Amino acid sequence: MILGFLFGKRSNISESVLETIREIEERTQNNKSLHVIEAIDYTGRSDIIQACIAVAEKVEQGVMQPDDIDDQIFQNELQTNCSNFPNPDLMIQMGGRFSIHNFMLWQMAYTELYFLHEDDTTQFNDTSFIQALHEYQKRSRSLVESDLNLI
């Protein structure tokens, strides 16, 4: 069973594609075993800006005070708040690119990055995925409290 989410600017998507997306989201809303999250016309910077605007509006409306704003309040306003897993543990970048390309900037603060050197993304297969997972397993992951306090 797949649970589907879409985030990004839906206003730039044709109505026929949006209707299909809404149908898939509706049919999969109770599924729990596999989460598929799609980003269409999404940038990390625009996500952060829209979250800032949403928080500012709540302050302006008196719903909260500036001192109430913390990591969780801010993260709840991000477009990725649709998922139970908003912060990825591992990002696999394909196509010979070596950056995160403005994708989920807030959410990837503690994400492990794996860069696949092949230029052709069609080369990515089960073996490539397993190799990335093995590399991820070798890494020591820990959040440093002082890092969390900087936010």
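Which residues are buried in α2? In this predicted model, the buried residues of helix α2 are Gly44, Asp47, Ala51, Ala54 and Val55. Viewed along the axis of α2, these buried residues lie within an arc of 95°, and they therefore line one face of the helix. Arg45, Ile49 and Glu60, on the other side of α2, are exposed. The cover over the buried residues of α2 includes α3, which comprises residues 71-76.

The dimensions of α2 were also examined. The helix runs over residues 44-60, and its end C-alpha atoms are 24 Å apart, in agreement with the 24 Å that its 17 residues should span at 1.5 Å a residue. Just after α2, Gly62 adopts a positive phi of about 80°.

The side chain of Asp47 makes a polar contact of 3.0 Å with the side chain of Gln50. When neighbours within four places in sequence are set aside, Asp47 is in contact with Tyr42, Leu78, Gln79, Thr80 and Gln107.

A further helix, α4, is formed by residues 126-138. The 13 residues of α4 reach 19 Å from the first C-alpha to the last, close to the 18 Å expected at 1.5 Å a residue. The N-terminal end of α4 is capped by Asn125, a side-chain oxygen of which lies 3.0 Å from the backbone nitrogen of Thr127.

How values were computed. Residues are numbered from 1 along each chain as its sequence is written. This is a predicted model: local features need pLDDT of at least 70, side-chain atom pairs count only at pLDDT 80 or more; totals for chains, interfaces and linings use all residues. Side-chain values use heavy atoms; hydrogens and water are left out. Helices (H or I, at least four residues) and strands (E, at least two) are DSSP runs, numbered from the N terminus. A polar contact is a pair of N or O atoms within 3.5 Å; within protein, one must be able to donate a hydrogen and the other to accept it, and residues adjacent in sequence count only if both atoms are side-chain atoms. Contact means heavy atoms within 4.5 Å. The expected span of a helix is 1.5 Å times one less than its number of residues. Buried means under 20% relative accessible area, exposed over 50%, partly exposed in between (1.4 Å probe, protein chains only). The arc is that of the directions from the helix axis to the C-beta atoms.
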